[in-house]
Amino acid sequence: MNIGDAGLALIKEFEKCRLRAYLPTPDDKLTVGWGHTGNDVTADTVWTQEEADAHFLEDIAWVEKCVNGAITLPLTQNEFDACCSLCFNIGCGAFKGSTLAKKLNTSDLVGAEAEFKRWNRQAGKELAGLTRRRAQEAVLFETA
């Protein structure tokens, strides 16, 4: 599957696009563009809008590959999009190992939906922005 417009909009709503590297929270990784992190991001990184958009497409490609590889159950577009938003934010390894993925793969859709809210912490601290994001992902997940 490929992420749809609702999933892309949800990710962009929470990531925002910043063309200069920044630290979203004190315990976070340096980030640039549409939530891009990685070894290529340093404190001096500055991108054009075109670079940010190109990297976003590359990041979406690994997210789609990860979710497609982790989930064996057929998903609706909204379920897939919600999973992609979560995966984009927490990373592929965390998504693959999550209870949410395990519940999806056993057809426990209700249990999987309830798992979104568990991913609202960073370094053990609840973050309001993550709580809002997870709530919106859960709503998208359960929307037919």
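Trainee: In this predicted model, at what angle do α1 and α7 pack, and how are they oriented to each other?
Mentor: The axes of α1 and α7 lie 11 Å apart. Their packing angle is about 170°. Angles over 145 degrees count as roughly antiparallel, and α1 and α7 are therefore roughly antiparallel to each other.

Trainee: Is Arg133 buried or exposed?
Mentor: Arg133 lies in helix α7. Leaving aside its neighbours within four places in sequence, Arg133 is in contact with Ile11, Phe14, Glu15, Ser85, Phe88 and Asn89. Its relative accessibility is 3%. Residues under 20% count as buried, so Arg133 is classed as buried.

Trainee: Where on helix α1 do its buried residues fall?
Mentor: The buried residues of α1, which spans residues 5–15, are Gly7, Leu10, Ile11 and Glu15. Seen down the axis of α1, they fall within an arc of 115°. They therefore line one face of the helix.

Trainee: Which elements are included in what covers the buried residues of α1?
Mentor: The cover includes a strand, β1 (18–22). Helices contribute to it as well, and those included are α2, α3 and α7 (128–142).

Trainee: Which residue follows α1, and what is its phi?
Mentor: Lys16 follows α1. The phi of Lys16 is positive, near 55°.

Trainee: How are α2 and α3 oriented to each other, and what is the handedness of their crossing?
Mentor: Helix α2 (residues 49–70) and helix α3 (residues 77–90) have axes 9 Å apart and an angle of about 115° between them. They are therefore roughly perpendicular to each other. The crossing of α2 and α3 is right-handed.

Trainee: Which residues make the contact of α2 with α3, and how many of them are nonpolar?
Mentor: On α2 the contact is made by Phe56, Asp59, Ile60, Trp62, Val63, Glu64, Cys66, Val67 and Asn68. On α3 it is made by Phe80, Cys83, Cys84, Cys87 and Phe88. Of the residues in the contact of α2 with α3, one is polar and two are charged, and the number of nonpolar residues is 11.

Note on methods:
Residues numbered from 1 in each chain as written. Predicted model: local features only at pLDDT ≥ 70, side-chain atom pairs only at ≥ 80, totals over all residues. Heavy atoms only, no water. Axes fitted to C-alpha atoms, helices over the stretch in contact; angles between N-to-C directions. Helix = DSSP H or I, 4+ residues; strand = E, 2+ residues; numbered from the N terminus. Parallel < 35°, antiparallel > 145°, perpendicular 65-115°, else oblique. Left-handed = near helix turned anticlockwise from the far one by under 90°. Contact = heavy atoms within 4.5 Å. Nonpolar A, V, L, I, M, F, W, Y, C, P; charged D, E, K, R; others polar. Buried < 20%, exposed > 50% of the residue type's maximum accessible area, 1.4 Å probe, protein only. Arc of directions from axis to C-beta.
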